[in-house]
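Here is a walk through one chain, from the overall fold down to a few side chains. Keep the model open as you read.

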Amino acid sequence: MLSYLLVLLFCTMDHLFTSWELGTGLAHELNPLLIGLMSLPVSTSLPLRLLWILAALLALRFLSRFEPAFIEKCLGVLVVVYGLVIAYHGTVIYRIVHTVWYVNLSGCG
């Protein structure tokens, strides 16, 4: 059950970070399935994306009756991949904060 919750949490964090990065021009959406969705306002796109992820998680939950070990491995991989995506977003935010701090410290800004 923890894996399902982590996927939902990481998906929400990824969506919010990506929306912010797209809005500031720091990123471009590369996932062809999400390009249209990410062009919508966050108040619309986030619930739609969460519904999409919930549907996928419910399908995995249903399939876990038949292949529980395989589905657990799939969820584990999904959590790791989403964790790496969140770590990437963290590096972007770190670089921005570090740059702003450096510019303010050196008196260039």
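This is a predicted model: local features need pLDDT of at least 70, side-chain atom pairs count only at pLDDT 80 or more; totals for chains, interfaces and linings use all residues.

## Fold and ground rules

The chain has 4 helices and 0 strands, and in sequence order the pattern reads α-α-α-α.

Residues are numbered from 1 along each chain as its sequence is written, and side-chain values use heavy atoms, with hydrogens and water left out.

## Overall shape

What does the C-alpha trace span along its principal axes? About 60 × 25 × 20 Å. The radius of gyration is 17 Å, whereas a compact globule of 109 residues would come in near 13 Å. That radius is taken over C-alpha atoms, and the globule rule is 2.2 Å times the number of residues to the power 0.38.

Among contacts with a separation of 6 or more, 66% join residues 24 or more positions apart. A contact means heavy atoms within 4.5 Å.

## Surface and charge

Of the 109 residues, 26% count as buried. The cut-offs are relative accessible area under 20% for buried, over 50% for exposed and in between for partly exposed, with a 1.4 Å probe and protein chains only. The chain exposes about 7400 Å², and carbon and sulfur atoms supply 74% of that area. These areas come from the Shrake-Rupley method with a 1.4 Å probe, and for residues only the protein chains shown count as cover.

On the charge side, there are 5 positive and 5 negative side chains, and the centres of the two sets lie 6 Å apart. Lys and Arg count as positive, Asp and Glu as negative, and His and the chain ends are not counted. Each charge is placed at NZ of Lys, CZ of Arg, CG of Asp or CD of Glu.

## Residues of helix α1

Is Val7 buried or exposed? Val7 sits in helix α1 and is buried, at 1% relative accessibility. Leaving aside residues up to four places away in sequence, Val7 touches Ile53, Leu57, Leu75, Leu78, Val79 and Tyr82.

Trp20 and Pro68 are 48 residues apart along the chain, and their C-alpha atoms are separated by 37 Å. Gly23 is in helix α1 too and counts as exposed at 69% relative accessibility. Gly23 and Ser39 are 16 residues apart in sequence and 9.7 Å apart C-alpha to C-alpha.

Leu58 lies in helix α3, residues 42-63, and is exposed at 60% relative accessibility. The C-alpha atoms of Leu58 and Tyr4 are separated by 9.3 Å, though the two are 54 residues apart along the chain.

How many aromatic pairs turn up in the whole structure? A search finds 1. The rings of Phe62 and Phe66 have centres 5.5 Å apart and planes at 75 degrees, so the pair is edge-to-face. Rings of Phe, Tyr and Trp (its six-membered ring) pair if their centres lie within 6.5 Å; planes under 30 degrees apart are stacked, over 60 edge-to-face and the rest tilted. Phe62 is partly exposed at 44% relative accessible area, while Phe66 is exposed at 54%.

Note on methods: Helices (H or I, at least four residues) and strands (E, at least two) are DSSP runs, numbered from the N terminus.
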